[in-house]
Amino acid sequence: MKTIVIGGGIIGASVAYHLAVRGAAVTVLTDGRPGGVATAASFAWINAAPGNARPYFELRVKGILDWHRLQHELGERLTINWNGSLTWSDEPAAMRTAYAEHASWGYPTSMISPAEAAKREPSLASYPDQAAYSPLEGSLSPSETARDLLAAAAEQGAQISPDGVRAIIARNGRITGVQTAAGEISAEHVVLAAGAACEALAAGVGVTLPMANRTGFLAQSAPLPPILNGLVLAPQAHMRQNADGRIIVGADFAGGAAPDDEDAAAEALLASVRGLLAHNGDRRGDDVRMERHTLGLRPVPADGLPIIGAAAGAPGLYVTVMHSGITLAALVGRLAAEEILSAQPVDILAPYRPERFEGSNF
Ligand SMILES: Cc1cc2nc3c(=O)[nH]c(=O)nc-3n(C[C@H](O)[C@H](O)[C@H](O)COP(=O)(O)OP(=O)(O)OC[C@H]3O[C@@H](n4cnc5c(N)ncnc54)[C@H](O)[C@@H]3O)c2cc1C
């Protein structure tokens with residue numbers, strides 16, 4: 001079955017791998033960005049942390065589990081830090097309530113003392129009276145992982161092309177392929193995994209994907225020796241250390257306006273990192289130096305939930321666009337491939353279908 005995947009970010013790469021390993025003939029079109037756009041600017045925290053309604057929480061837990069499944073499948077080429085997260089808040093009572101609810105849903109998370117927190121993250125300068133420790137959570141190097149998945153797809157026969165899609169082509173009420181600068185490519189299925197570019201590409205074939213994309217700003221340090229074990233999510237900043245030693249830091253999960261002065265904003269984030277880290281021995285917070293910063297666009301569907309599934313109004317088109325694409329990529333890639341190849345809907349994806357926006361005011 002010939003399938004085109006538009007997009008080489010973490011979602012397109014995962015869909016392509018899961019299609020290819022199941023025997024589909026896959027062509028991935030990356031528009032010159034293998035490794036992604038939002039993916040390349042992502043904090044890349046794999047989590048089912050508080051902030052979502054229970055059904056979406058459950059999907060995210062499955063998302064975490066599927067990264068373990070994929071790691072088992074791909075072995076050492078997939079590097080994921082599974083050291084969990086340490087979270088504290090300026091509003092400890094509200095945080096305790098939120099984490100207690102998650103614990104009651106069966107999520108492994110617990111409030112821990114300063115001494116326990118110090119065992120988890122010995123390099124911090126000080127510890128809150130109470131922090132939530134969530135051992136199921138992890139992080140990865142997002143672009144590298146997407147490129148690793150593209151390479152794994154290529155080993156299964158997928159073609160990875162730098163071409164960009166100018167338009168999705170529909171003939172006689174069915175999607176038949178895509179138009180690129182190099183010409184038309186035909187396929188039985190087209191998977192739209194173009195992140196923030198999905199909305200415009202889908203509109204070209206009459207499919208409405210209302211989006212409310214938000215910016216996201218992160219800073220990165222130059223590589224450092226190991227300092228952080230897992231994720232540290234403090235009120236002043238959230239940070240983690242990449243496998244390559246770089247500390248990735250942000251301060252705003254909601255996303256807002258781009259900073260007026262990006263260099264100054266990045267320096268302020270790294271100052272927060274220095275403030276959070278102890279200044280002793282080899283593990284000196286003073287050594288944290290800025291290397292670069294990124295201003296990304298989070299692909300956020302208008303109701304905040306993923307859009308996953310066949311587009312009813314455009315047979316042959318399958319949509320995969322979401323925030324939390326790092327958390328969900330392994331799961332979504334597998335389920336999308338299974339739905340496309342078997343034509344059997346997967347029940348847990350029912351709340352996330354593209355049709356939910358039809359006739360709505362989004
Ligand atoms: C600052 C920030 C922090 C985030 N933090 C987290 C987090 O902690 N945890 C989490 O789970 N998620 C997080 N996210 C969200 C997550 O990164 C995204 O949901 C995910 O990366 C989306 O991946 P994607 O493959 O759909 O899109 P992208 O990475 O944007 O990839 C889109 C791909 O489509 C290609 N493309 C676009 N147009 C065309 C075209 N016309 N033809 C061909 N190809 C095209 C691009 O070149 C690219 O290869 C964060 C995002 C940001 C920006």
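So, domain bounds here come from an automatic or database domain assignment. On that basis the protein chain splits into domain 1 (2-45 + 143-211 + 301-357) and domain 2 (85-135 + 214-298). Taken over C-alpha atoms, their centres sit 31 Å apart. Across the boundary, eight residues of domain 1 are in contact with 13 residues of domain 2, contact meaning heavy atoms within 4.5 Å.

Quick housekeeping: this is a predicted model, where local features need pLDDT of at least 70, side-chain atom pairs count only at pLDDT 80 or more, and totals for chains, interfaces and linings use all residues. Residues are numbered from 1 along each chain as its sequence is written, and side-chain values use heavy atoms, with hydrogens and water left out.

Okay, overall shape. The C-alpha atoms fill a box of roughly 65 × 40 × 40 Å along the principal axes. The radius of gyration is 21 Å, which agrees with the value near 21 Å for a compact globule of 362 residues; that's over C-alpha atoms, and the globule rule is 2.2 Å times the number of residues to the power 0.38.

What about secondary structure? We get eight helices and 22 strands, as DSSP runs: H or I with at least four residues for helices, E with at least two for strands.

Next, packing. Of the 362 residues, 50% count as buried, so under 20% relative accessible area with a 1.4 Å probe, protein chains only. And among contacts between residues at least 6 apart in sequence, 70% join residues at least 24 apart.
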